[in-house]
Structures are given as structure tokens and as C-alpha cells.
Amino acid sequence: MLLNKMLDGIPGPARNRVEATLENVSVMMQLKSPKVAASMAPSAVRGLFMRQGKHHDSVKMTASHDVHFDLKYGLDFPEMNELYRRAVANQWDGDRDLDWSTQVDPMNPEIPIVNADFLPFEGLREYGIKLNKKEMAAANYNMVCWFLSQFMHGEQGALYASAQVTECVKWMDGKLYGATQVMDEGRHLEVFLRYLDTKLEKTYQINDNLFVIIDDLLTDSRWDIKFLGMQIMIEGLALGAFSTLHNNTQEPLLKNLLRYVIQDEARHVHYGVLALREHFSKELTAAEKREREDWAFEVALLMRNRFMGHEVYEENYEGLMTRRQWNEFILKSPAMQRFRSLMFKRLIPNLEYIGLLTPRVKGYYESAGLWQFRGGKNASQLTEADLVADLV
Ligand SMILES: [Fe+2]
Ligand SMILES: [Fe+2]
């Protein structure tokens, strides 16, 4: 309350910067485990405070993992081998299999790039911002560009993370499978980039929170943290986001593109849960396991609260409403609520399957409202067909 009163006395843009800094500090203060806070701190400084993802054309991230060079050449993980065969058989070509001759007009109300209620921009009236129909369509167009831009940045992270874990894993079948994922992620990067560049003609910079998670897992030397971060957490987030956008767009090229990508991502999460279940149950000490439990919870929280289109806010609404008001508007929008529940419906059963939802962390998940998602199908039980069946 006192803080709100103090903030009220600060003029618009300065107030927004103070609010953004306070938000970032509060993220770091909320970290429950000192070990997790220490391991994430350098990435948080680079992403949230120095905003490296925003101020440079490229960023150097120093990798420090061990490469596992296998000399036994045994085929050692039949389930991964089966995923590898499936991945080889299901490779697609983003140039050949998608119809790039499709005319895309994101402002055409006949074929909406996203349904008009995706984000209910008439709700901005509450904050004194009145948009006409055309302005609302433009606002939704911006949000779609923002989502797809974050997908593109995430895919670049996935490309490097999958290359790193291919080096690190000890199973030969895992390395073979990893090679197919590297190809998949390259193709995903290609199609999102091409769609943004040639059809929507607008991209947004990387979200600071996404930058922190990617920086953290690419620079962590522990391969299983890379796996947990990329294959379980970010892929889980991506699956929820891809499906939400797929079900909210009528634009046929985008719908088709997302459907292809979703089928690949289903295999990626499956690979992640197979590897981590094996590793967490056999190789880690109790203290190492606890650290993974905490890390997963902190990243889940980051994902729940922190992907709110701030880049769109800064571009269009910064002088018109406060950052807090924007957060409130985004958090209560039905599309974002559906996205979050789809994301956690996929993610939480996977964390359960790999053994990270222990009684010790139950209270954390309960207070974050995430414990209710337990008990659903995990990635080893879900086929690509199951995921496609969720699409409309
Ligand atoms: Fe991907
Ligand atoms: Fe992936």
C-alpha cells in the first residue's frame, strides 16, 4: 500500500521503470533455495538488469559442460532408439510441406490471424484506453507477433541446448535421437523466422525472462539441468503456447505450421522424461535431487507469472497505463488463463513422472495453485496423435 502511494507520486515512464526493477528484484527475492538463487544469479543479472538480450545483436554465452565420447557403441536404451526411428521417419521439410504461397493479411477480419477475443482489448477501457475495432485488431496482431517472436527466440535456444545435450548424454541411443532433435529445432527456427519475416513483417526482441532461462541452462555445466530446463520446462511451455495459438488462429498457413511443430515437440518432451527419470532415480545424491526439485519449482513460477507481453506494453501502452495495470489485464484474460492451464496440464505430470514432486515441495506447488495438475498423462504416455487430438 505504502509502496503504491510512493509510486503514485512518480511520473509515468519513470514509474514504469521503477516497477519493472521492483518486479525483477522480487523474482530474485522469492527464490526459496539459496543454491538455486546462486546458480541463477549471473543469468538473472545479465537478463533482467543488464538486459543483454535487448541491447546487443549477439550475446556470448560461455558453455562449460563435459562431452561424453562413447567408445562402447552399444545400443543401450531401446525406448530412445524407438523415438529415434520415429523421428527419422517423420522428418518434414518446412519449404516443401508448407504452402508459402498463402496470402496472409493479419488485419483481414474474414481470416483472423487470431480470434477477436484472444486478448479482450476492450477491457483496456477500465484503464481509460478506448480502442476502435481497427485498433483492437492491430493490438491482437502485435500480440501474435510477440508470441511468434518469443517462439523463434526459444527455438534458437532449443537448437543450442539440444546440440549440447547430444554431446553430454551417455547413451548412444540418446545421441542418435539428439541429432534428430537438433535438425527439428533448426527447422522450427527456420519456419517461425520465415513466417514472421515474410508474412507478418514484424518481430519483437527476446523477453528478458526467457533470456534468463535460456542463458542459465546453456551456461550450466550440468547436463541434466539443461535437459530439465529445455526438454521439460521450456518445451512444456512451448507446447501449451503452440496449442493455444493453433486453436485461436484461422490463418491456414500458421495453423499448419504449428501442427507440424507440435508433433515434433511431443517427441522432444518424451525424450526428456525418459532420460531424466532414469538419471534422477539412479545417479543423484539426495542433496543433488533436492536442488533439482527447487530449480524446477522456481522455473515453473518464472514461467507462470512472467510471460506477459511486456515488449508490446512498452511499445504501445507505456505512457497510457502502468505496468502493474498491464500485468493485471494480461493475467485475467481468458486466452492467457487457458494457455497457463494447458501448459501446466502438460508440465506437472512430467515433473511427477521424473520424481521431482516430492512431499518436501508439495506445499510450494499447493500455494502456487499448481498441485491440482498432478495425475494427468505424462509425455511417455502421450502420443503425437493425443496431442493433435487436443487441437481444434
Ligand atoms: Fe522446437
Ligand atoms: Fe523442441
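Two residues are in contact if their C-beta atoms, placed from the backbone, lie within 7 Å. This is a predicted model, in which local features need pLDDT of at least 70, side-chain atom pairs count only at pLDDT 80 or more, and totals for chains, interfaces and linings use all residues. Residues are numbered from 1 along each chain as its sequence is written, and chains are lettered from A and ligands numbered from 1 in the order in which they are written.

Figure 1. Helices (H or I, at least four residues) and strands (E, at least two) are DSSP runs, numbered from the N terminus. Along its principal axes the C-alpha trace spans about 65 × 55 × 40 Å. The radius of gyration, taken over C-alpha atoms, is compared with a globule rule of 2.2 Å times the number of residues to the power 0.38. For 392 residues a compact globule would have a value near 21 Å, and the protein agrees, with 21 Å. Among contacts between residues at least 6 apart in sequence, 83% join residues at least 24 apart.

**Figure 2. Helix 7 (residues 172-200) against helix 10 (residues 252-282).** The two pack at about 155°, with axes 10 Å apart; axes are lines fitted to C-alpha atoms, for helices over the stretch in contact, and angles run from 0 to 180 degrees between N-to-C directions. Helix 7 is therefore roughly antiparallel to helix 10 (under 35 degrees counts as roughly parallel, over 145 as roughly antiparallel, 65 to 115 as roughly perpendicular and the rest as oblique). Residues of helix 7 that meet helix 10 include Gly174, Asp184 and Lys199; among their partners in helix 10 are Leu253, Asp264 and Ala275.

**Figure 3. Helix 9 (residues 223-248) crossing helix 14 (residues 334-353).** The axes come within 8 Å and cross at roughly 140°, so helix 9 and helix 14 are oblique to each other. Among the contact residues are Ile232, Gly236 and Asn248 in helix 9, and Ala335, Phe339 and Asn350 in helix 14.

Figure 4. Not counting residues up to four places away in sequence, Val273 touches Ile232, Asn350, Tyr353, Ile354, Asn378, Ala379 and Ser380. Leu382 lies 109 residues from Val273 along the chain, and their C-alpha atoms are separated by 12 Å.
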